[in-house]
Amino acid sequence: MIASFDREMVWLLSVVLGTLIVSSAIGLVLKQRVAGESARAVVENLNARVRSWWVMCGVFALAVLTGGIGSLVLFGVISFAALREFITLTPTRPGDHRTLFWSFFVITPLQYYLVGIAWYGLFSILIPVYAFLFVPIRTVLAGDTESFLERIAKIQWGLMVCVYCVSHVPALLTLKIPGYENQNAKLLFYFVLVVQLSDVLQYVWGKWLGRHKIAPNVSPNKTWEGFLGGVGSATLIGAALWWATPFNPWQAAGMSLVITLMGFAGGLTMSAIKRDRGVKDYGTLIEGHGGMLDRIDSICFAAPIFFHMTRYFFTD
Amino acid sequence: MIAALLAGASRLISGANVRWVDCQPTSRQRLYFANHTSHLDFVLIWSALPPAARVVTRPVAAREYWERGRMRKYFASRIFNAVLIDRKVSPHDNPVDRIIDAMGDRHSVILFPEGTRGSGAEIDSFKSGLYHICARKTGLELVPVYLENLNRILPKGEFLPVPLLSSVTFGPPMGLQPGESKAAFLERARAAVWNLRRA
């Protein structure tokens, strides 16, 4: 599976590159203009984000351009790192050790292998059916019944969010869309671009106009202004990029709206989990290390929905 | 070469976040002491040290474990340059003597004063060896080290590690104070490790 390097792909890459250059330039100007302690901190934070975006876009572009295997490996590594963060934050007991070993070293690679060989019938049920039954079976064999239901539910949820959901991003490459053969790398790029742009735009709109908090108990930084502005502008951008997808402009707008809403829901849900765990002991541990789950929370929720909507409406 | 690879691999497996709190890394002679929950413990402390300090730092480990099998023997003697001691004190072989001999005036050591691996939920009371070493080597710098989550990565009785994230925290150096009693010193040392949990 070799990604085609066609004109639209070049355009997509140029859009990303252009956005990064413009953001870096704005960051540089703001850094020189802005005065005051708190404003400077905001600009420094913005610039740090832009810098990490350069790195992430570079890695991502490289993975997509090397075709199927590159994306598969990249998202496999992302899943592994995310699961690692998730389980670290989750209090498990010694009785879970073997189950966890299976989750990391058998279930996760197997899921990506199945995506790699495009076995839709199995990769779409491996975790929600087989792993969900396997996890309690393997755990019960260890004989520790303390908080049993809680423990298995946490491992199942970790696998679901970090592995199953994320694996639907490279799974986009397996879809056979009439008239769009060998161009799926663009669809993958488009999906990640719209979801991540929505995150960034929600942050920017929120910083700019944010007044009314949307869920103060869960995520104090999320505001109605950020939500509406971010989702709205990302949907418009998604619609404007329709030429890179198998969708027409209206369909692209609809798809973008759904995935940005799912992305928002994902960010909110993962914040709630962090908040819940944050009061526990492992809160400090993730510091300086964390980040993978923070970056991909919106992708987790949007990917399976985008995959299935595209599969249902646009494949034979 | 093997040592550098091993240090890198163990850092990768344990996803270790290394922090130095009011303590600077140095290759001066020191005694590092830590809570003990996993076989990975000393490897991780050792790999968290800068290479210059690593080559002069010797872990203190149980002879009956590290002399079983050729691989372990090779690692203990060639890579880690471990100081192997018998956990049971016998009249003709005092572990404190062995440790002090092994340190000379150049080597640092890594010691787990609990003597055996705990569950990770709390730190057991310290064995008196730490006190006797300090009493005989005056002015020795002691560095408390707190290891978090290693008991979950490789718990007692398991042989396959699960790659969770862990942390190694080096705390402010301390020493035996003049006139300090054995019990008070051991308790102070234990508290120094325990308090790094929240540092």
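Trainee: In which order do the elements of chain A run from the N terminus on?
Mentor: Residues are numbered from 1 along each chain as its sequence is written, while chains are lettered from A and ligands numbered from 1 in the order in which they are written. This is a predicted model in which local features need pLDDT of at least 70 and side-chain atom pairs count only at pLDDT 80 or more, whereas totals for chains, interfaces and linings use all residues. Chain A comes to 11 helices and zero strands (DSSP runs, H or I over at least four residues for helices and E over at least two for strands, numbered from the N terminus). Read from the N terminus, the elements of chain A are therefore α-α-α-α-α-α-α-α-α-α-α.

Trainee: How many helices and strands does chain B have?
Mentor: The C-alpha atoms of chain B fill a box of roughly 45 × 40 × 30 Å along the principal axes, and for chain A the C-alpha trace spans about 60 × 55 × 30 Å. In secondary structure, chain B comes to nine helices and seven strands.

Trainee: What percentage of the contacts in chain A with a separation of 6 or more is accounted for by residues 24 or more positions apart?
Mentor: Two residues are in contact if their C-beta atoms, placed from the backbone, lie within 7 Å. In chain B, 74% of the contacts between residues at least 6 apart in sequence join residues at least 24 apart. In chain A the corresponding value is 72%.

Trainee: Which helix supplies the largest share of the side of domain 2 of chain A that touches domain 3 of chain A?
Mentor: An assignment, automatic or from a database, divides chain A into domain 1 (1-66), domain 2 (77-173) and domain 3 (175-316). The C-alpha centres of domains 2 and 3 of chain A lie 23 Å apart, and 17 residues of domain 2 are in contact with 22 residues of domain 3. On the domain 2 side, α3 (68-89) and α7 (148-167) of chain A each supply at least two residues. The largest share, seven residues, comes from α3(A).

Trainee: Is Ile85(B) buried or exposed?
Mentor: Ile85(B) is found in strand β4 (residues 83-85) of chain B, and beyond four places in sequence it is in contact with Val60(B), Ala62(B), Arg63(B), Pro95(B) and Arg98(B). A residue is buried with 20 or more other C-beta atoms within 10 Å of its own, exposed with 12 or fewer, and partly exposed in between, the C-beta atoms being placed from the backbone. Because Ile85(B) has 23 C-beta neighbours inside 10 Å, it counts as buried.

Trainee: Is Leu141(A) buried or exposed?
Mentor: Leu141(A) lies in helix α6 (residues 126-141) of chain A, and its C-alpha atom is 9.9 Å from that of Asp96(A), 45 residues away in sequence. Since 11 other C-beta atoms lie within 10 Å, Leu141(A) is exposed.

Trainee: Which residues touch the most other members of the largest nonpolar core?
Mentor: This core has 121 residues, with helix α8 (residues 184-209) of chain A giving the most, 13 residues; a nonpolar core is a set of buried Ala, Val, Leu, Ile, Met, Phe, Trp, Tyr and Cys residues joined through C-beta atoms within 7 Å. Beyond four places in sequence, Val145(B) touches residues including Tyr32(B), Phe33(B), Ile45(B) and Val193(B). The residues that touch the most other members are Val166(A), Phe191(A) and Val145(B).
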